[in-house]
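Hi there,

Here is the structure I promised to pass on to you. Have a look at it first, and then read my notes alongside it.

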Amino acid sequence: MSKKIAVIGGGVVGSTATFYLSKHPQYEVTLFDEATGQATSASAGIISPWLSKRRNQEWYQMVKLGAAFYPGFLQQVFSNGEIPKEVYQQVGTLLFTKKDKNLEELLKIGLKRREEAPEIGELKILSPEEVRERIPIYSKDKRALFASGGARVDGKALIEALLTAAEKQGAQIIREKATFTKTKSNKPYIETASLKEEYESVILANSAWLPEILGPLGYKVDIRPQKGQLAQLQTNWSTDDWPVIMPTGEKDIIPFLDGKILVGATHEDDMAFDLTLQSSSLEEMVLNAQEQFSECIRTSDIISGRVGTRAYTSDFAPFFGEVPGFDNVFAASGLGSTGLTAGPLLGKILSDLILGESPVLDPRKYPIEKYVK
Ligand SMILES: Cc1cc2nc3c(=O)[nH]c(=O)nc-3n(C[C@H](O)[C@H](O)[C@H](O)COP(=O)(O)OP(=O)(O)OC[C@H]3O[C@@H](n4cnc5c(N)ncnc54)[C@H](O)[C@@H]3O)c2cc1C
């Protein structure tokens with residue numbers, strides 16, 4: 001008899017776990033996803049964690065391995081071997097610093113980190129003219145550090161591809177909100193508008209909503225929501241091969257195919273699960289991009305926006321592992337603003353934990369019991 005596994009949350013983490021688990025015919029895998037406020041489909045899509053100033057070593061290990069995991073992972077998702085450029089492309093990243101002289105220092109850090117992360121690729125300081133050779137609209141006079149291994153990914157397109165592949169492998173996708181409890185015999189039990197079912201194992205990949213699902217069972221979960229908005233622009237520039245632009249501060253410029261550009265994002269801590277798009281916020285971010293990168297970037301090119309909810313722990317560290325007090329119930333959360341980078345690796349790790357295989361990251365270094373009590 002096949003074992004029933006449920007995954008709650010169909011962002012990048014839950015969709016990846018579903019994709020890997022459904023490869024095993026002995027498991028009957030069901031994914032529940034409500035999708036409201038999902039961070040993955042709202043995200044900017046930057047995969048370039050290596051030059052961050054964050055000092056948390058465990059976080060760095062996770063995002064470093066997460067970035068390195070992408071190309072092989074996508075080869076598995078697109079089994080014909082061709083990774084569509086709309087989904088993922090290694091276009092490189094351009095990083096600016098407040099003070100020009102800090103670039104040499106950043107290059108040194110990058111070269112050191114590259115010894116353990118060759119996927120950073122070529123690292124080179126570009127003159128303003130060299131930046132313009134890659135991105136003709138650049139109108140400022142600052143130099144930038146180029147890292148050829150940086151990439152951009154379209155989170156929404158990625159999960160669509162993952163779920164299509166998972167369904168072909170036999171997974172069932174239920175687009176409904178799920179509640180979760182346990183039976184008298186301590187088995188995970190899930191209820192939605194259309195289903196009531198007992199499962200052998202469950203993955204809680206519902207990110208910012210983990211407190212909502214575990215709260216009624218008496219758990220205290222150290223996760224808070226953070227609102228993020230992004231502006232979408234349509235231009236007539238040939239943006240296909242432009243690198244991702246990371247000016248100083250938190251507002252980036254992410255060129256996609258056919259003149260599409262994303263600018264953002266906001267990091268709003270006091271908005272709970274609010275999903276309102278504020279045109280003033282979108283315009284502010286575009287004006288910032290104009291000031292930092294090019295006068296050609298205009299608010300009149302904004303065609304829409306995106307908004308989603310990130311999940312943070314109080315010390316900004318991500319966690320994963322078996323939920324205390326349950327057997328065979330696993331969860332991950334707290335991926336913050338780098339969850340698209342770490343997400344596929346973490347989804348694979350959660351599937352490894354269900355399968356009883358040793359994951360590439362040690363759960364003891366990302367202790368769930370510190371955040372789920
Ligand atoms: C604006 C923005 C820009 C970002 N840019 C980047 C970036 O450039 N690079 C990067 O690495 N990361 C980025 N991130 C972060 C990244 O998007 C997230 O960390 C990551 O997508 C989290 O994935 P997840 O699968 O854990 O959660 P999510 O993608 O949020 O998915 C969780 C899902 O669970 C569902 N759910 C919740 N409760 C239930 C329930 N009870 N029943 C059924 N379904 C439920 C939700 O509806 C949602 O669909 C960005 C985030 C935002 C918001």
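Predicted model: local features only at pLDDT ≥ 70, side-chain atom pairs only at ≥ 80, totals over all residues.

In the contact between them, 16 residues come from domain 1 and eleven residues from domain 2.

In soluble globular proteins, nonpolar side chains tend to be buried together. The largest nonpolar core here has 76 residues, and the members that touch the most others are Tyr70, Phe73, Leu145, Leu158 and Phe320. Helix α2 (residues 57-77) supplies the largest share of this core, ten residues. Both domain 1 and domain 2 take part, with at least three residues each.

Leaving out residues up to four places away in sequence, Tyr70 touches Ile47, Tyr88, Val153, Leu158, Leu340, Thr341 and Pro344. Another core of 29 residues lies apart from the largest one, and its members include Ile8, Ile174, Phe180 and Ala331.

**The ligand**

Which residues come nearest to the ligand? Of the 38 residues around the ligand, they are Asp33, Ala35, Thr40, Ile46 and Thr341. Gly45 has one at 3.1 Å from a ligand oxygen, and Leu340 has one at 3.1 Å from an oxygen atom of the ligand. For Ser337, a polar backbone atom is 3.0 Å from a ligand nitrogen. On its own the ligand has 1000 Å² of accessible area, and the protein covers 97% of that. Two or more residues of the shell around the ligand come from each of α1 (12-21), β18 (302-312) and α8 (339-355). The element that gives the most to this shell is α8, with three residues.

Now for some backbone angles. The peptide bond from Gly264 to Ala265 is cis, and its omega is near 20°. You will find Ala265 in the loop between β17 (260-264) and α7 (279-292). The loop between β17 and α7 also holds Ala272, which has a positive phi of about 50° although it is not a glycine. Is Ala272 buried, exposed or partly exposed? Ala272 counts as partly exposed because its relative accessibility is 42%, which falls between the 20% limit for buried and the 50% limit for exposed.

Asn186 also has a positive phi, near 65°, and is a residue other than glycine. Asn186 sits in the loop between β10 (179-182) and β11 (188-191). With a relative accessible area of 34%, Asn186 is partly exposed.

Leaving out residues up to four places away in sequence, Thr192 touches Phe32, Glu176, Lys177 and Ala178.

Enjoy exploring, and write back with any questions.

Best wishes

Key
Residues numbered from 1 in each chain as written. Heavy atoms only, no water. Helix = DSSP H or I, 4+ residues; strand = E, 2+ residues; numbered from the N terminus. Buried < 20%, exposed > 50% of the residue type's maximum accessible area, 1.4 Å probe, protein only. Core = buried A, V, L, I, M, F, W, Y, C linked by side-chain atoms within 4.5 Å. Domains from an automatic or database assignment. Contact = heavy atoms within 4.5 Å. Near = heavy atom within 4 Å. Polar contact = N/O pair within 3.5 Å; in protein donor to acceptor, adjacent residues only side chain to side chain. Areas by Shrake-Rupley, 256 points an atom, 1.4 Å probe, with all protein chains shown as cover.
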